[in-house]
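Q: Please take me through this model one feature at a time, giving the general idea before the particular case.

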Amino acid sequence: MPRHVVLVDPYSEAAEYANAFRARGIEPVAVLSTPAPLKSYLHGWKPEAFHSTHFYDGDFAKLADIVRGYDPVAVVPGNECAVRLVDALIEELAPGTGNVPELSAARRDKWPMAQAVASAGVPHLRTFATASEEEAADWLRQNGLEGRALVLKPRCSGGTDGVHKVEAGEDWRPSFRRLLGSINMFDLTNDSILIQEFASGTEFVVDTYSVDGQMGLVAVVQYSKSTRGNRIGVYDAEDYLLPSDPLVGVLESYTRQVADAVGIRTGCTHTEIMLTDDGPRLIEIAARLDGGCAQQAARLATGDSQIDRTVRHHLDSAFTPGFEIVQPTRVVWLSAANSGAMSNAEVLEAARELASFQKLSCRYPNGSRVPKTEDLFTTLGWVLLSTPDQDVLDQDTKRVREIEAKVVIDPLGRAGQ
């Protein structure tokens, strides 16, 4: 009898879980937390990768019986949308072996998350959630944030979906009104908006994997991002820090406090932290693997990944406390300065000739209409670079930017022309 692993919402890079478990003789089963695949993730849905697929229609008892029938070695979330369903399934099938059940909402909804971190006494950004402009105005006044720079975003989305910056002195109400009632990338209505003081500094990601309450560092990544209008989540590049970097210890300590506050005991976490003049401050923590091309990049940079640690945990009872850097690695994100028809996507192929080139991903075929890059989900794609020589990596990064500048996007053009 084959053994199985249940992967909930294994979209995009999370589909790699299927290959990693199958390589160890474990058949992957997909469970989607929605009655149909999410529209925003259709490009990353690969049903052929799985032994079978089941859809959750709201009948939890029925789904729990289906999952129980597989006697899975693990139930693993693939993205934010899966977190609460995975928490419930693990508590039903193997009580006490997952993350703290009572804090499940704090691992998915950014408002309970902020409240849990504040209640635990962890340094945090002042945050509030409401559907009322009057309540928002009162909170801003009471907290001395009137006229200050702010960030507005959905409570239950992911990536940089719907994240807006309000500049100091700018009216926050138009952004609030646009977000309220809109539909986010998980097909959920934004019926309440998170308002947060803007944090200035350098942003980092701390990727971890926990086993029975022990948290192990998988990678620490420094983001380079830029602002475009009122959108602050435009990705430029990602670089991997050495474990000996003094910042790693600071970020690790803070991440442990946050993880404890939201009840992390097992599995992957992806924690975004702004290092400000006052110290680290949480942007958000997600109880799932780092997405995009992060698992591929981590394997090149560290020789390991969250996916690999997941497999070792559940099949070998293994725990890895830290990481090493095998060679310098960088993800260079590609952006579109405006929307329109892209007429020469083939120029990006020149990146393949670079000495440090590892992989190119372009989201759009030639001739298609592309959006202006405003967040992670509207990038043109990325180039993954990795080499033992840091100088070569830096030179190739400049070359990627030169290649990117040659992309022609006609704002008046039509797709297919």
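A: Let us begin with a pair of helices: helix 2 passes helix 3 in a right-handed crossing, a crossing being left-handed if the near helix is turned anticlockwise from the far one by less than a right angle, and right-handed if clockwise. Helices (H or I, at least four residues) and strands (E, at least two) are DSSP runs, numbered from the N terminus. This is a predicted model, in which local features need pLDDT of at least 70 and side-chain atom pairs count only at pLDDT 80 or more, while totals for chains, interfaces and linings use all residues. Residues are numbered from 1 along each chain as its sequence is written, and side-chain values use heavy atoms, with hydrogens and water left out.

Q: At what angle do helix 2 and helix 3 pack, and how far apart are their axes?

A: Two packed helices are described by the angle between their axes and the distance between the axes. Axes here are lines fitted to C-alpha atoms, for helices over the stretch in contact, and angles run from 0 to 180 degrees between N-to-C directions. Helix 2, which covers residues 60-70, and helix 3, which covers residues 83-93, pack at about 65 degrees with their axes 10 Å apart. The two helices are therefore roughly perpendicular to each other (under 35 degrees counts as roughly parallel, over 145 as roughly antiparallel, 65 to 115 as roughly perpendicular and the rest as oblique). On the side of helix 2 the contact is made by Phe-60, Leu-63, Ala-64, Val-67 and Arg-68, and on the side of helix 3 by Leu-85, Ala-88, Leu-89, Glu-92 and Leu-93, where contact means heavy atoms within 4.5 Å. Sorted by type, these residues are eight nonpolar, no polar and two charged (Ala, Val, Leu, Ile, Met, Phe, Trp, Tyr, Cys and Pro count as nonpolar, Asp, Glu, Lys and Arg as charged, and the others, Gly among them, as polar).

Q: Which residues of helix 3 are buried?

A: Buried means under 20% relative accessible area, exposed over 50%, and partly exposed in between, with a 1.4 Å probe and protein chains only. By that rule the buried residues of helix 3 are Val-83, Leu-85, Val-86, Asp-87, Leu-89 and Ile-90. They pack against strand 1, strand 2 (26-32), helix 2 and strand 4 (75-77).

Q: Which residues are buried in helix 5, and where do they lie around the axis?

A: An α-helix has 3.6 residues a turn, so residues three or four places apart point the same way. In helix 5, residues 133-142, the buried residues are Glu-133, Ala-136, Ala-137, Trp-139 and Leu-140. They cover an arc of only 165 degrees around the axis, which puts them on the same side of helix 5; the arc is that of the directions from the helix axis to the C-beta atoms. The face of helix 5 turned away from that side carries the exposed residues Glu-134 and Gln-142. The buried residues of helix 5 pack against strand 5 (127-130), strand 6 (150-154), helix 6 (173-179) and strand 8 (193-197).

Q: Which residues of helix 8 are buried?

A: In helix 8, residues 294-302, they are Ala-294, Gln-295, Ala-297, Ala-298, Ala-301 and Thr-302. Seen down the axis, these buried residues fall within an arc of 160 degrees, so they line one face of helix 8.

Q: What is the phi of the glycine that follows helix 8, and what is it for Ser-12?

A: Most residues other than glycine have a negative phi, and most peptide bonds are trans. Gly-303, which follows helix 8, has a positive phi near 75 degrees, and Gly-144, which follows helix 5, has a positive phi near 65 degrees. Ser-12 is not a glycine, yet its phi is positive, near 50 degrees; Ser-12 lies in the loop between strand 1 (3-8) and helix 1 (16-22) and is partly exposed at 24% relative accessibility. Asp-187, also a residue other than glycine, has a positive phi near 60 degrees. Asp-187 sits in the loop between helix 6 and strand 8 and is partly exposed, with a relative accessible area of 38%.

Q: Is Thr-310 buried or exposed, and which residues does it touch?

A: Thr-310, found in helix 9 (residues 306-316), counts as buried at 2% relative accessibility. Not counting residues up to four places away in sequence, Thr-310 touches Tyr-17, Phe-21, Val-76, Tyr-209 and Cys-268.
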